[in-house]
Amino acid sequence: MRYRSTRGGIAGASFEDVLLAGLAPDGGLFLPETWPRFTVEEWSALTDASYPEVVTTVAERFVGDAFDAGELAEIVGAAYQRFRHPEVAPVRLLRDDVLLLELFWGPTLSFKDYALQLLGEMFHRVLERRNQRVTVVGATSGDTGSAAIEALRGRDTADVVILHPHGRISDVQRRQMTTVTDPNVHNIAIEGTFDDCQDLVKAMFADAGFRQEMKLSAVNSINFARIMAQMAYYAWAVRRLDASDAGVAFAVPTGNFGNIYAGYAARLIGVPVNRLVAGNNRNNGLNRFFRTGTLTVEDVRPTVAPAMDIQVPSNLERLLFDVFEEDTATLSASMLEFRSKGTLTVPSARLASTKAIFDSMWMSDEAIEGFIGQVAAEHGVVLDPHTAIAVAAAYTSPHQPGVPFVAIATAHPAKFPDAVERATGTRPELPDGYGDVMTKPERCDLLPNDLAAVQEAVRRIRR
C-alpha cells in the first residue's frame, strides 16, 4: 500500500510516512494510490465479527508492512479496551425507519475517540521503534483536542499541543483538555475561530524549517489514518444491520468533512453505503456547496453545535480530488485560489456524480434545541446538538424502501449541558467517573491569532 498527495507533489509514501506526517509536504492531503476492495467472501466473514475485528479487517488493507497481523491485532485490542459499552459502537432503534449509531462510548465521550485511540497506539509503536519523539500539533473545534490528548497523554514519544478557539467551545469540552496535567500535554487558546486555529496549524506545517526543527506531526482529520479508522464504523453498522445490496444511508453532522468523508471512503472499498447526508448548523458552507457547487468563506458564527462552527472544511479536498478526476494541477490551482479569494466553484457537470451520493441540510440554533426537546418527549432519548442535526437530517431526507437510515451520534449530551437543558428542562449529567472534570484546576495559555507567537510557544515546549 502506497500513498500520494492530492496536489501531486508526492507519491509512493508508506503508511508510516502518512501516519507521522499528517499533512503532505506539498500542502495536500494523503490518499491511497489505489483503493483496496472487499471481496464478497471477506465482506461475508464480518457478519458476526466484533467491533475490534472489523477495525482490524479494514486497517490491514491500509497499513502495508507497518505492522504485521499479530501486532495490528494487539494495537486494535489496546485501542478499544477502555470503551464503556460491550459492543463499542452500539446501533439502537430510534423510530421505525431511523437508527442511531452511538459513537460516544470512548474515554472522552465523542466519536473522535474511535480513531484517535487507535492512532495513539500506532503513533507510539512506530515512534518507539524509531527511537523518535515528535511534537503533535492539532486544532480542535471541541472534541478532537480532548481525544488526541487522551490518546497521547503520558507517552514519552510525543509532546501534544492543541489549539482551540477561545470562548467558542463548551465548558466540558475545554476542561477535558485543560485539566489534564501530564507534562507532555499543552493547551493554547487562540483569540479567533476554529478556522483560525486550523490555519495556524497548516502554516506551521507549511514552514519547512519549523516543521523539521519541531519534528511536527498531526492527528487532525487531515491525517489519513484517522479516515481509515473511521471507515470501520460504517462497515460495522452495515454488518450489524445485515443490510441488503441496496445498503445503508447515513446522516452525519459535518464540520471539517472528515467523518462523512470516511463514509464515502468506506463506499470506495466496497461497503454498501447507499447515501450520505451532511448536516450543518448555521455555518452552512458545505450545504451551500452541495446545493450550488460554490464554497465561500464567510464569518464563523458561534452556535449551540460548536464542533461544526467551521467555514473551511479541510477534508473536502479529498472529495474534490475525485470530483476533479485526479487532475492534481487543476485541484492545486483551485485550492490556492480558494485560499487567496475565499471562493471555490466546481462546475455542475463535475459535481453531478457527487450529488448522486451526497445530500445536505442545515438547522438554526432554535431549530436544533426545539428538535432535541421533540425527540426527548417522543422517544425518551436525549441528543447532543450535533447528533440532533444528524437525526433531523435522517427524519427529513427521502427514504428508499429497504434502505435503513442511520444517524451518527457523535457526542454525549452532557458535553453540551446548557443547550440540552434549555431544550429539555433537565441538565444532563456526565457519566460516572467524569464529574470532577468541572472542578479540577485548568492549565492553558491564551495567545493572539498570530503565527509567530504560536510558533514561539511551541519552541518553548520543546525546550
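Asp 199 is partly exposed, with a relative accessible area of 28% (buried means under 20%, exposed over 50% and partly exposed in between, with a 1.4 Å probe and protein chains only). In this predicted model, local features need a pLDDT of at least 70 and side-chain atom pairs count only at pLDDT 80 or more, while totals for chains, interfaces and linings use all residues. Residues are numbered from 1 along each chain as its sequence is written, and side-chain values use heavy atoms, with hydrogens and water left out.

**Salt bridges**

- Asp 199 forms a salt bridge with Arg 339, whose closest N and O atoms are 2.5 Å apart (a salt bridge is a side-chain nitrogen of Lys or Arg within 4 Å of a carboxyl oxygen of Asp or Glu).
- Arg 339, with 41% relative accessibility, counts as partly exposed.
- Side chains of opposite charge can pair when their charged atoms come close.
- The structure holds 32 salt bridges, including one between Glu 42 and Arg 61, where the closest N and O atoms are 3.0 Å apart.
- That pair, too, links distant parts of the chain: Glu 42 lies in helix α2 (residues 40–44), whereas Arg 61 lies in the loop between α3 (51–59) and α4 (69–79), and the two are 19 residues apart.
- Glu 42 counts as partly exposed at 31% relative accessibility, while Arg 61 is buried, its relative accessible area being 14%.
- Another salt bridge joins the side chains of Asp 436 and Lys 440, at 3.9 Å from N to O; Asp 436 is partly exposed at 37% relative accessible area, and Lys 440 is partly exposed at 35%.
- Salt bridges that share partners also tie Glu 16, Glu 71, Glu 74, Arg 125, Arg 129 and Arg 130 into one network.

**The largest pocket**

- The largest pocket has a volume of about 500 Å³ (on a 1 Å grid over the protein atoms alone, a pocket is an open set of points with protein on both sides within 12 Å along at least five of seven lines, a cavity is a set where a 1.4 Å probe fits but cannot get out, and lining residues have an atom within 4 Å of a point; grid points are joined across faces, edges and corners, and a volume is the space filled by probe spheres set on the points).
- Its lining consists of 26 residues, and Arg 7, Leu 23, Gly 27, Lys 202 and Arg 339 lie nearest the centre of the pocket.
- The elements that give two or more residues to this lining are α8, α9 (208–214), α13 (316–323) and α14, and the largest share, five residues, comes from α8.
- By class, the lining of the largest pocket divides into 17 nonpolar, two polar and seven charged residues (Ala, Val, Leu, Ile, Met, Phe, Trp, Tyr, Cys and Pro count as nonpolar, Asp, Glu, Lys and Arg as charged, and the others, Gly among them, as polar).

**Cavities**

- There are six cavities of 30 Å³ or more in the structure, and the largest cavity has a volume of about 260 Å³.
- The largest cavity is lined by 24 residues, of which Phe 111, Lys 112, Ser 141, Asn 256 and Ala 307 lie nearest its centre.
- Helices α10 (224–241) and α11 (258–268) each supply at least two residues of this lining, which by class has eight nonpolar, 13 polar and three charged residues.
- The second largest cavity holds about 60 Å³ of space, and the residues that line this cavity include Thr 254, Asn 280, Leu 295, Met 308 and Pro 313.
- The lining of the second largest cavity divides into five nonpolar, seven polar and no charged residues.

**Ser 5 and its surroundings**

- Ser 5 has its place in strand β1 (residues 3–5), and it is buried, with a relative accessible area of 2%.
- Leaving aside residues up to four places away in sequence, Ser 5 touches Ile 10, Ala 24, Asp 26, Gly 28, Leu 29, Phe 30, Phe 321 and Thr 328 (contact means heavy atoms within 4.5 Å).

**The chain as a whole**

- The secondary structure of the chain comes to 19 helices and 15 strands, and 62% of its 463 residues count as buried.
- Among the contacts in the chain with a separation of 6 or more, 76% are accounted for by residues 24 or more positions apart.
- The C-alpha atoms of the chain fill a box of roughly 60 × 50 × 50 Å, taken along the principal axes.
- The chain has a radius of gyration of 20 Å, which agrees with the value near 23 Å that a compact globule of 463 residues would have (the radius is taken over C-alpha atoms, and the globule rule is 2.2 Å times the number of residues to the power 0.38).

Definitions and conventions: Helices (H or I, at least four residues) and strands (E, at least two) are DSSP runs, numbered from the N terminus.
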